[in-house]
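This report describes a predicted model. It covers the sheet and the nonpolar cores.

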Amino acid sequence: MAPFTVLHVCMGNICRSPMAERLLALAVTEQAGPVGADLVLSHSAGTGGWHEGEEMNPPAARQVRSRGGSPDDFAARKLRAEHIEAADLILTATADQYDYVVALRPDAADRTFVLGEFGRLLPAVDPSALPTADRTPDAVYERGVALVAAVAAARNGEAAQAKDDLDDPWGRGDQVFARVADEIQATVHPLTAVLLP
């Protein structure tokens with residue numbers, strides 16, 4: 001069961017999803033300390049696969065580093081069905097990538113969200129209605145699974161909105177990467193706060 005596993009998905013797995021992977025890991029460590037790595041696993045993959053083995057795109061790495069995270073030892077991966085199967089929560093950069101994930105594994109629909117969509121729906125969840133998290137791996141896992149189910153219920157079958165998509169910053173300036181990183185943190189910080197109260 002444990003740890004609670006979050007999979008971030010974008011196209012190339014060198015910009016958006018690596019930033020989300022490492023910024024969630026940073027938020028978990030800030031919330032729970034070093035034990036956080038045993039409670040929540042944050043990783044990523046890309047639908048395209050043409051960058052497999054590459055490091056994080058330099059402007060993305062700069063954003064992660066400037067916010068206190070580490071881009072070290074990152075290697076891009078192509079998304080595979082087994083990554084989806086092992087994930088408790090899948091956060092995609094765009095609605096197109098949501099569709100890709102669900103086409104690959106239809107059974108993952110209720111635990112797959114566009115990242116901005118998850119952040120938009122999260123305030124509808126009452127944290128006091130979730131299982132108590134005493135920061136043990138099993139307790140955090142149970143709380144996380146219940147949280148995902150509650151956000152899925154708040155979605156009420158509605159599709160993600162265009163505003164939920166993260167812009168693709170590849171090939172653009174640091175200002176665009178900074179805006180995308182801000183949007184990622186606007187979801188991963190509240191997620192972490194609810195998951196690890």
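## Main nonpolar core

A nonpolar core is a set of buried Ala, Val, Leu, Ile, Met, Phe, Trp, Tyr and Cys residues joined through side-chain atoms within 4.5 Å; buried means under 20% relative accessible area. By this criterion the largest core has 46 residues, and M19 and L89 have the most contacts inside it. Two or more residues come from each of β1, α1 (16–32), α3 (58–66), β3, α6 (115–121), α7 (137–155) and α8 (174–195). Helix α8 gives the largest share, eight residues.

Which residues does M19 contact, leaving aside its neighbours within four places in sequence? They are A60, Q63, V64, F177, V180, A181 and I184.

## Sheet

The open sheet consists of four strands with parallel pairing, in the order β2-β1-β3-β4. Strands β2 (40–46) and β4 (112–114) are at the edges and have a single partner strand each, so one side of each lacks a neighbour in the sheet. From one strand to the next, the twist averages 25°.

Strand β1 (residues 4–10) runs parallel to strand β3 (residues 89–92), and four bridges join them. In this pair, H8 lies opposite L91 of β3.

## Helix on the sheet

Helix α5 (residues 95–104) packs on the sheet and touches β1, β3 and β4. The direction of α5 makes about 165° with that of β4.

Note on methods: Residues are numbered from 1 along each chain as its sequence is written. This is a predicted model: local features need pLDDT of at least 70, side-chain atom pairs count only at pLDDT 80 or more; totals for chains, interfaces and linings use all residues. Side-chain values use heavy atoms; hydrogens and water are left out. Two strands pair if DSSP finds at least two bridges between them. Axes are lines fitted to C-alpha atoms, for helices over the stretch in contact, and angles run from 0 to 180 degrees between N-to-C directions. Contact means heavy atoms within 4.5 Å. Buried means under 20% relative accessible area, exposed over 50%, partly exposed in between (1.4 Å probe, protein chains only).
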